[in-house]
Amino acid sequence: MLGFPCNQFGGQEPGTHEEILEFARSRYDANFPIFEKVKVKGREACELYRYLTSRIPSPKGKPDVAWNFTKFLVGAEGDVLARYEPRVTPEEIAADLANHV
């Protein structure tokens, strides 16, 4: 699992990288790599999110990420295997992970 903070959703992540790390680790016990803040939607979306969303659009058929905690399952070769909307928990994704390890 990798985390990419973004402040494009209601200003939920306005802090510095260090503040975001502290929050994620203390509140959610995040023990995975968390990268610097990126833009994930619109014209300013970083290349990673342009790639991810171009491979699998949202359930509504739109490429943009609708809200924080959208998740993508990416294979070892970089193929985007699945997209999960924000309310899907990592625990719910476990079966898919097991099928691709």
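This is a predicted model: local features need pLDDT of at least 70, side-chain atom pairs count only at pLDDT 80 or more; totals for chains, interfaces and linings use all residues.
## Basis of the model

Local features require pLDDT of at least 70 and side-chain atom pairs pLDDT 80 or more, while totals for chains, interfaces and linings use all residues. Residues are numbered from 1 along each chain as its sequence is written, and side-chain values use heavy atoms, with hydrogens and water left out.

## Fold and dimensions

The chain contains three helices and two strands, assigned as DSSP runs (helices H or I, at least four residues; strands E, at least two). Their order from the N terminus is α-α-β-β-α.

Along the principal axes, the C-alpha atoms fill a box of roughly 35 × 30 × 25 Å. Of the 101 residues, 30% count as buried, meaning under 20% relative accessible area (1.4 Å probe, protein chains only), with exposed meaning over 50% and partly exposed in between.

## Residues with positive phi

Most residues other than glycine have a negative phi. D29 has a positive phi of about 55 degrees and lies in the loop between helix 1 (17–28) and helix 2 (47–55). This residue is exposed, at a relative accessible area of 60%.

F69 likewise has a positive phi, near 75 degrees. Its place is the loop between helix 2 and strand 1 (71–74), and F69 is exposed, with a relative accessible area of 56%.
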